[in-house]
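Please open the structure and find the ligand first. The points below walk through its surroundings.

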Amino acid sequence: MKKYLIVLLAVTYAVISHASIAKTYEKQRPPRQLTDEQAANAAANYKKYCTLCHGENREGHVNDHAPSLRSKSLFESGVPHAILRPLSYGREGTPMGGYLDEVGGPLTLDEAWDLTYWLFWQSGAERIKLSEDPVKGDVKRGEQIYQQNCASCHGQDGEGITAPALGNQSALAHNKDEFIRYAIEKGRQDTPMQAFENVLSAEDIDNVTAFIRSKASGWKQEKMPLRPIPTPDQYVVNPQNENPDWELSEGRYVTSEQLYAAMQTKKKMVLLDTRVTSVWQRAHIEGSIPFPYYSNLENRVKDLPRDAQIVAYCSCPRAAADYIVEQLEDMGFDNTAVLYEGIFGWMNKGFPVTRSE
Ligand code: HEC
Ligand code: HEC
């Protein structure tokens, strides 16, 4: 009898002490409500600018492994900054560009806030309070955990493979330790990111968080002067010369080598950078013009010559460029092509880009 009592006490103690380790999170006040007009505007902006990668229904993973924009844990822990910052400034070196007017547009700061809150209200999540304190842990042990459990999707160096680039400097600058920790603990609902709260100990979640943080370098969003946007008379490069004469694979794609050779031999071309304008501002292929995937084509096609070779590219590597070129084809443009590897592939092969100073 006595033995049973001791066992029972020990079990009770274990349960209580375990419960006291598991974190509890306080709720936080919800953010402001949007007026009907603001909500309608935000919904329209979402549709125009975000569905290409994040999906009609915010489900994510439509193109480029763009994350879900409706998972409960993201909106519990990430509003406003983990939403507002990437949507404003982008994540440098990933297909996620910035949309704020200050970096090239098209959204005003008010619109960016409204879109952030619209996404929050759509998600149905309740905000929780997270500590601002750094998460302390054993970085070495965290690295082991990371390589075993995380690298297959997030990449050995956090560069992102099928999942966000956890080592990305703009993400690390914007996301607090506890935000990262919460994502690991709770996962991201309805995505491949599982909850690790029952897989790893709380201590190991701290360790892996500390490891991810150790990759940060103190990156800051730089203020850069905006370049003037080329005017239609500047669209065609080498207007006096011949179009390139190349074999397109699948009737559409050129390789970086083919494009570079055509540039070197001064062929006549129009290069369309179909990404959001802020990333064109940062770095682009020489001679390209910003022609974002959300451009109003009805207005813009009149400025595109029908006789010159048009080459579109993005970082997707092709989603945005394909989307534009399909529409141009429907409008009767015959000389269209898409850069197969996208601008990141182009850069990885060592071909040059023009960068902002
Ligand atoms: C099976 C693939 C897979 C594995 C394994 C995996 N993740 Fe993820 N992770 C994802 C995906 C996909 C997302 C994006 C989910 C979404 O759509 O929101 C994600 C999101 C995250 C986020 C949120 C990032 C952000 O900016 O919101 C963090 C943090 C994270 N993972 C950390 C980890 C850690 C740490 C591990 C290992 C303990 C791990 N993940 C293992 C696929 C994975
Ligand atoms: C060209 C594809 C593309 C478009 C268009 C795009 N995104 Fe993204 N977005 C991504 C990718 C890819 C990531 C993940 C980058 C990474 O961290 O590796 C991302 C990340 C994000 C994140 C961070 C989410 C998280 O879990 O950390 C937010 C918020 C976001 N995008 C919002 C938006 C909004 C709002 C729009 C429209 C204004 C938009 N995005 C348009 C590709 C895109």
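**Notes on the ligand 1 site**

1. Start with the helices. This is a predicted model. Helix H8 (151-154) and helix H10 (177-186) each give at least two residues to the shell around ligand 1. H10 supplies the most, with 4 residues.

2. Now the shell itself. There are 24 residues around ligand 1, and those that come nearest are His61, Cys150, Cys153, His154 and Met193. By type, the shell holds 15 nonpolar, 7 polar and 2 charged residues.

3. Look at the iron atom next. His154 (NE2) and Met193 (SD) coordinate the iron atom of ligand 1, at 2.0 to 2.1 Å. The two residues link distant parts of the chain, 39 residues apart. His154 sits in helix H8, while Met193 lies in the loop between H10 and helix H11 (202-213).

4. Which arrangement do the 6 donor atoms around the iron atom make? It is octahedral, because the angles they subtend run from 88 to 179°. Opposite donors must be over 155 degrees apart for that label, and all others between 65 and 115.

5. Met193 has 22%, so it counts as partly exposed.

6. Finally, check the oxygen atoms of ligand 1. A polar side-chain atom of His61 is 2.6 Å from one oxygen atom of the ligand. For Arg188, a polar side-chain atom lies 2.9 Å from an oxygen atom of ligand 1. Ser68 uses its backbone: a polar atom there is 2.7 Å from an oxygen atom of ligand 1.

Definitions and conventions
Residues numbered from 1 in each chain as written. Chains lettered and ligands numbered in written order. Predicted model: local features only at pLDDT ≥ 70, side-chain atom pairs only at ≥ 80, totals over all residues. Heavy atoms only, no water. Near = heavy atom within 4 Å. Polar contact = N/O pair within 3.5 Å; in protein donor to acceptor, adjacent residues only side chain to side chain. Nonpolar A, V, L, I, M, F, W, Y, C, P; charged D, E, K, R; others polar. Donors = N, O, S within 2.8 Å, 3.2 Å for Na, K, Ca; no water. Tetrahedral: all angles 85-135°; square planar, octahedral: opposite > 155°, others 65-115°. Buried < 20%, exposed > 50% of the residue type's maximum accessible area, 1.4 Å probe, protein only.
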